[in-house]
Amino acid sequence: MFWPRGVWRGRLWSVAVVPGGIAVNLPLMNMPLVNSCEAHACAYNTDHSCHALAITVGNEPRAHCDTFFGDDSSGGDPVQTGHVGACKMSDCEHNVHLECQAPGINVGYVENQVDCLTYAPA
Ligand code: SF4
Ligand code: SF4
């Protein structure tokens, strides 16, 4: 089985192609966008845009981008904008069941650490 993916109207979609050629449309994923990211040293960053399909945020007590990878290689999908896949900051007002419910987040430096700037302790 393989899982073609793309973006339609700003939402990620995927289709499961199973043996026998039957394709199953899966629900559109409603994951928050990474609107901007200042961490140009990250392998997933191009011109302040994140291209990781699903980042993980949080390593309490800080709202780190746990997906940050300081490397010269180029990661992610260059034609897609990054999304928040999971967040461990349960005390954030945007967090429900360890998932981010904000429409989008911004990521940047706080005390030389790469953090979610949208983090809002409840
Ligand atoms: S949001 Fe995280 S993974 Fe994406 S470019 Fe910024 S530091 Fe890298
Ligand atoms: S806004 Fe809050 S819930 Fe969303 S990624 Fe940032 S810290 Fe996590």
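Mentor: Let's start with a rule: Ala, Val, Leu, Ile, Met, Phe, Trp, Tyr, Cys and Pro count as nonpolar, Asp, Glu, Lys and Arg as charged, and the others as polar. Keep in mind that this is a predicted model.

Trainee: How are the residues of the shell around ligand 2 divided by that rule?

Mentor: They divide into 11 nonpolar, three polar and no charged. Among the closest residues are Cys-87 and Tyr-119, and both count as nonpolar because Cys and Tyr are in the nonpolar list.

Trainee: What makes a residue part of the surroundings of ligand 1?

Mentor: Its C-beta atom has to lie within 6 Å of the ligand. For ligand 1, 15 residues surround it, the closest being Cys-37, Cys-42, Asn-45, Cys-50 and Cys-65. That shell holds 12 nonpolar residues, three polar and no charged.

Trainee: How do you know that β7 and β8 pair?

Mentor: Pairing takes at least two bridges, and two bridges join β7 to β8, so the strands pair. They run antiparallel, and a hairpin of two residues links them. Val-57 stands opposite Cys-65 in β8.

Trainee: Which residues have the most contacts inside the largest nonpolar core?

Mentor: Val-57 and Val-107, in a core of 22 residues. Strands supplying at least two residues each to this core include β4, β7, β8 and β12.

Technical notes
Residues are numbered from 1 along each chain as its sequence is written. Chains are lettered from A and ligands numbered from 1 in the order in which they are written. This is a predicted model: local features need pLDDT of at least 70, side-chain atom pairs count only at pLDDT 80 or more; totals for chains, interfaces and linings use all residues. A nonpolar core is a set of buried Ala, Val, Leu, Ile, Met, Phe, Trp, Tyr and Cys residues joined through C-beta atoms within 7 Å. A residue is buried if 20 or more other C-beta atoms lie within 10 Å of its own, exposed if 12 or fewer, and partly exposed in between; C-beta atoms are placed from the backbone. Helices (H or I, at least four residues) and strands (E, at least two) are DSSP runs, numbered from the N terminus.
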